[in-house]
Amino acid sequence: MKELIPLHHAAEEYFEKSFQLLNHQWPRLRSVRMGMLHSSRDSLPTSLVLVDEDKVIGHIKIKHLACRHRALWIESVVIDKALRGKGFGKILMLETEKYAREMGFQIAYLSTYDQQGFYSRLGYQECEKVCVFDKPVDNWLPDTSFLKNKIWNVK
Ligand code: ACO
């Protein structure tokens, strides 16, 4: 059975599995990647992992978007290469949205270079630029990325 769990509530071995999954897609220094994974906490940023028995088959990171009220930033979305195209990415996104809605978030933003089709299938649409990072020089996303958002019906 597939289950979405916050990484920091999982056993230590899941950090290594998440590291392998992420670094297979986007190689980073081990110390940097592990530092990012260990920063996961309930109050965000949170790494959520899609697990199937003892395997980590997907990862997603969510954090606050400082400049928008009740807005979520989504990044580092990845499904195990051998398991893509089977609907797990959709499960990862929809379960994450449910998790975020329960936290009171009303809108999700993300940026993608080449997965517009995947996010469009999930209801994300192109939107205006938003301020993502704290440092002024990095205030805006590069023009080469496509910014998308999805608004949820939350009271
Ligand atoms: N273009 C168009 N449609 C797509 C694409 C695509 N590139 N990828 C998936 N879809 C569609 C599927 O056909 C399916 O449609 P359906 O609901 O009509 O059946 C739906 O989207 C869901 O597809 P899944 O099988 O759930 O997708 P998958 O499990 O392959 O996960 C993901 C998609 C996460 C993008 C995966 O391909 C992956 O890990 N890619 C490499 C890493 C990556 O690029 N991640 C996104 C970075 S952007 C960010 O993190 C914000």
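Student: Which residues come nearest to the ligand, and how many residues are around the ligand in total?

Tutor: The model is predicted, so local features need pLDDT of at least 70 and side-chain atom pairs count only at pLDDT 80 or more, while totals for chains, interfaces and linings use all residues. Residues are numbered from 1 along each chain as its sequence is written, and side-chain values use heavy atoms, with hydrogens and water left out.

There are 23 residues around the ligand (a heavy atom within 4 Å). Those that come nearest are Val 77, Gly 85, Gly 87, Lys 90 and Arg 121.

Next come the polar contacts (N or O pairs within 3.5 Å). Gly 87 places a backbone N or O atom 2.8 Å from an oxygen atom of the ligand. For Arg 84, a polar side-chain atom lies 3.2 Å from a ligand oxygen atom. Lys 86 has a polar backbone atom 3.3 Å from an oxygen atom of the ligand.

H1 contributes Phe 15, Glu 16, Ser 18, Phe 19, Leu 22 and Asn 23 to the contact (heavy atoms within 4.5 Å). H2 contributes Arg 30, Arg 33, Met 34, Met 36, Leu 37 and His 38.

Two loops are worth a look. Pro 45 is in the loop between H2 and strand S2 (46–52), and a cis peptide bond with omega about 5° joins Leu 44 to Pro 45. Glu 53 is in the loop between S2 and strand S3 (55–64). Its phi is near 55°, a positive value in a residue other than glycine. Most residues other than glycine have a negative phi, and most peptide bonds are trans.

Definitions and conventions
Helices (H or I, at least four residues) and strands (E, at least two) are DSSP runs, numbered from the N terminus. A polar contact is a pair of N or O atoms within 3.5 Å; within protein, one must be able to donate a hydrogen and the other to accept it, and residues adjacent in sequence count only if both atoms are side-chain atoms.
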